[in-house]
Amino acid sequence: MLRHKDLLGLKDCTAEEIYEILDNAAQMKKLLNSDCKSSDMLRGKALVTLFYENSTRTRSSFELAAKYLGASEVNISVATSSVQKGETLIDTGETLDAMNVDFVVIRHPMAGAPKLLAEHVRASVLNGGDGMHEHPTQALLDMMTIREAFGKIEGLKIAILGDIKHSRVAMSNLFGLTKLGAKVSMFAPKTMIPRAIEKLGAHIAASREEALEGADAVMGLRIQLERQNGGLFPSLSEYAKYYGVNDGVLKYAKSNAIVLHPGPVNRGVELSPQVIDGERSLILEQVKNGVAVRMALLKLLNEYREAHV
């Protein structure tokens, strides 16, 4: 059983908790692949998605996960909510608590917002991405996809290339993968590498080829122009030429290496179209696994709530 009522990040999760989530996600995927994607496991429960940033994959997969397990789900459009009238995050949380909501999924541009909300509500809070901090469910679905491909995570080499500095996906993957015994090699322009990230367990490669050499999985990261002030690299074409992944450089990875990306992909920038649509790409499988992982988390957090809350 999970140790907390919330999922705020993988930094504070144990390897045992991560494996428990992945094991449950594997069971949920069987339900997803069945003819009847329906369960009453969360019948009578309510989930709210509260997104202060745009999202397609994360929000819709949480909503589908809740629906498949029998819960009611509501999306609060921040653009047309009381938030625009000056309501604080804590006020919003207390309002949702008064409605007896069981789960709140929040995406917020400020790091720490999910933690602040979790401290003021009885509901279980799930972090759908906060600033440049963490995006735990994305990392969990990435790890699920890697585990399915190789039957394990321990001992594998994972290459992560792209906008590491602004990527909450990179941080959650670094925390999760290293806890499960994987080696994480990163490469990006020096302007897009966070300070002291090596102290967290990452190896910063000197070249794209070094990062990819012998890699079991290659993960491209979206260039997050919305989080940048500009000037971090000369142009998109130069970025693609020197930092993107194409068939020419993918040959440095293992012959059975898989390709991942959290999406949406800037085609021809982080990954070439040939790589995105190639047989090594498991990007669409990641999307399916995202629903399974979020179903598993709702199940496990509900079990915690029934035992403790």
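Two strands are taken to pair if DSSP finds at least two bridges between them, where strands (E, at least two residues) and helices (H or I, at least four) are DSSP runs numbered from the N terminus. In those terms, His108 stands opposite Asp130 in β4. The structure is a predicted model, in which local features need pLDDT of at least 70 and side-chain atom pairs count only at pLDDT 80 or more, while totals for chains, interfaces and linings use all residues. Residues are numbered from 1 along each chain as its sequence is written, and side-chain values use heavy atoms, with hydrogens and water left out.

**Overall form**
- The protein chain holds 11 helices and nine strands, and its C-alpha trace spans about 55 × 45 × 35 Å along the principal axes.
- The radius of gyration (over C-alpha atoms) is 19 Å, which agrees with the value near 19 Å for a compact globule of 309 residues, the globule rule being 2.2 Å times the number of residues to the power 0.38.
- Of the contacts (heavy atoms within 4.5 Å) between residues at least 6 apart in sequence, 76% join residues at least 24 apart.
- The accessible surface, from the Shrake-Rupley method with a 1.4 Å probe, comes to about 13,700 Å², and 50% of this belongs to carbon and sulfur atoms.

**Strands β3 and β4**
- Strand β3 (residues 103-108) pairs with β4 in the parallel sense over five bridges.
- Together with helix α4 (residues 113-118), these strands make a right-handed β-α-β unit, meaning that, with the strands pointing away from the viewer, the path from the first strand over the helix to the second runs clockwise.
- Seven of the seven residues of β4 (residues 124-130) are buried, that is, under 20% relative accessible area with a 1.4 Å probe and protein chains only.
- His108, found in strand β3, counts as buried because its relative accessibility is 13%.
- Leaving aside residues up to four places away in sequence, His108 touches Tyr52, Glu53, Ala113, Gly129, Asp130, Gly131 and Arg168.

**Burial and nonpolar cores**
- Across the 309 residues of the protein chain, 54% count as buried.
- A nonpolar core is a set of buried Ala, Val, Leu, Ile, Met, Phe, Trp, Tyr and Cys residues joined through side-chain atoms within 4.5 Å.
- In the largest such core, of 66 residues, Leu140, Met143, Ile146, Met186, Met295 and Leu298 touch the most other members.
- Helix α11 (residues 283-308) supplies the largest share of this core, nine residues.
- A second, separate core has 18 residues, among them Ala205, Leu212, Leu250 and Ala253.

Technical notes:
Buried means under 20% relative accessible area, exposed over 50%, partly exposed in between (1.4 Å probe, protein chains only).
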